[in-house]
Amino acid sequence: MARFGLVNAYLVEEDEDLTVIDTGVSRSEKAILAAAARLGKPIARIALTHAHVDHIGSLDDLAAGLPGVEVLISARDARLLHKDMSLDPGEPQRKLRGSYPGARTRPTRTLAPGDTVGSLEVVAAPGHTPGHVAFFDRRDATLFCGDAYTTMGRVATTDKVRLPFPLASMATWDPATELASARALRALEPAALAPGHGRVVESPAAAMDAALAKASA
Ligand SMILES: [Zn+2]
């Protein structure tokens with residue numbers, strides 16, 4: 001895990017190489033590369049939970065230094081990465097929120113739920129953005145949940161702006177969809193919750209239940 005102020009990027013270790021989950025704000029690439037060097041393995045993949053600025057900020061600079069790296073994002077959020085801000089007819093017609101600066105780097109493969117990225121399974125978790133995904137590590141049941149939950153201060157869903165950490169929720173596209181995703185992620189029974197914002201929470205079931213209860217109240 002690499003922390004950049006309020007934003008996390010993660011390095012997930014495989015036998016031979018590493019997967020980076022999210023790239024932080026701009027100028028995070030050096031710290032990500034340094035963390036990879038400490039682990040002594042090459043970065044083979046960059047997997048993105050969604051296309052918001054604080055998760056793709058260092059994508060171009062990181063990918064530029066890693067020839068041949070795989071770049072992975074959901075097909076839906078790939079459109080946002082290309083600055084296509086259109087909504088599909090079947091989607092909630094709500095305003096896209098948060099910053100989508102786009103990137104020059106193109107995905108080498110787009111992801112669908114059920115796909116695998118190394119040891120990670122791609123799990124649909126739309127709502128914060130239309131194509132937001134989580135990554136579930138089947139080896140130890142760590143759930144990299146992106147912005148579906150935050151853990152700044154306490155575990156919270158991002159459907160509604162709540163203290164103490166309103167920032168992620170302010171960028172949420174569709175609250176009802178986000179809440180349904182938060183429930184679906186809870187059902188995976190994660191052993192650890194590794195969010196985009198906040199610390200990694202071990203044995204998060206009770207805290208996730210409390211967050212869901214608060215959101216439904
Ligand atoms: Zn976000």
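Figure 1. Thr23 sits in the loop that runs from strand S3 (18–21) to helix H1 (29–39). Helices (H or I, at least four residues) and strands (E, at least two) are DSSP runs, numbered from the N terminus. This is a predicted model, in which local features need pLDDT of at least 70 and side-chain atom pairs count only at pLDDT 80 or more, while totals for chains, interfaces and linings use all residues. Residues are numbered from 1 along each chain as its sequence is written, and side-chain values use heavy atoms, with hydrogens and water left out. Thr23 counts as buried because its relative accessibility is 0%; buried means under 20% relative accessible area, exposed over 50%, and partly exposed in between (1.4 Å probe, protein chains only). A polar atom of the Thr23 side chain lies 3.2 Å from the backbone nitrogen of Ser58. The backbone nitrogen of Leu59 is 3.3 Å from a polar atom of the side chain of Thr23. Not counting residues up to four places away in sequence, Thr23 touches a set of residues including Ala9, Ser28, Ile32, Ile46, Leu48, His55 and Leu62. Contact here means heavy atoms within 4.5 Å.

**Figure 2. The zinc site.** The zinc ion has as protein donors His50 (NE2), His52 (ND1), His128 (NE2) and Asp147 (OD), at 2.2 to 2.4 Å. Donors are N, O and S atoms within 2.8 Å of the metal (3.2 Å for Na, K and Ca); water is not among the atoms, so sites may look incomplete. Along the chain, the donors of the zinc ion follow the spacing H-x1-H-x75-H-x18-D. His52 lies in the loop between strand S4 (43–47) and helix H2 (53–56), and His128 in the loop between S8 and S9, so the pair ties together parts that are 76 residues apart in sequence. His52 and His128 are both buried. The angles among the four donor atoms of the zinc ion run from 84 to 170°, and the site is irregular. Four donors count as tetrahedral if all angles lie between 85 and 135 degrees; four count as square planar and six as octahedral if opposite donors are over 155 degrees apart and all others between 65 and 115; anything else is irregular.

**Figure 3. Strand S9 and its two partners.** Five of the five residues of strand S9 (residues 133–137) are buried. Val133, Phe135 and Asp137 lie on one side of S9, Ala134 and Phe136 on the other, and both faces are covered. Strand S8 (residues 120–124) runs antiparallel to S9, joined by five bridges. Two strands pair if DSSP finds at least two bridges between them. Leu120 has Asp137 in S9 as its bridge partner. S9 also pairs with strand S10 (residues 142–146), in the antiparallel sense and over three bridges. In this pairing, Phe135 is opposite Phe144 in S10. Four residues separate S9 and S10 in a hairpin, and Ala141 in the turn has a positive phi of about 60°.

Figure 4. S10 and S13 run parallel and are joined by four bridges. Thr142 is opposite Ala192 in S13. From strand S13 (residues 192–195), Ala192 and Ala194 point one way and Leu193 and Pro195 the other way; all are buried. Strand S14 (residues 201–202) pairs with S13 in the antiparallel sense over two bridges, and Leu193 stands opposite Val201 in S14. The hairpin of S13 and S14 has five residues between the strands, with Gly198 in the turn at a positive phi of about 110°.

**Figure 5. Leu96 and its contacts.** Leu96 is placed in the loop between helix H4 (75–81) and strand S6 (109–111). With a relative accessible area of 13%, Leu96 is buried. The C-alpha atoms of Leu96 and Trp173 are 5.2 Å apart, although the two residues are 77 residues apart in sequence. Beyond residues up to four places away in sequence, Leu96 touches Leu80, Met85, Leu87, Pro130 and Trp173.

**Figure 6. The whole protein, for orientation.** The protein has seven helices and 14 strands. Its radius of gyration is 16 Å, close to the 17 Å that the globule rule gives for 217 residues, so the protein is as compact as a globular protein of that length. The radius of gyration is taken over C-alpha atoms, and the globule rule is 2.2 Å times the number of residues to the power 0.38. Buried residues make up 55% of the 217 residues.

Definitions and conventions: A polar contact is a pair of N or O atoms within 3.5 Å; within protein, one must be able to donate a hydrogen and the other to accept it, and residues adjacent in sequence count only if both atoms are side-chain atoms.
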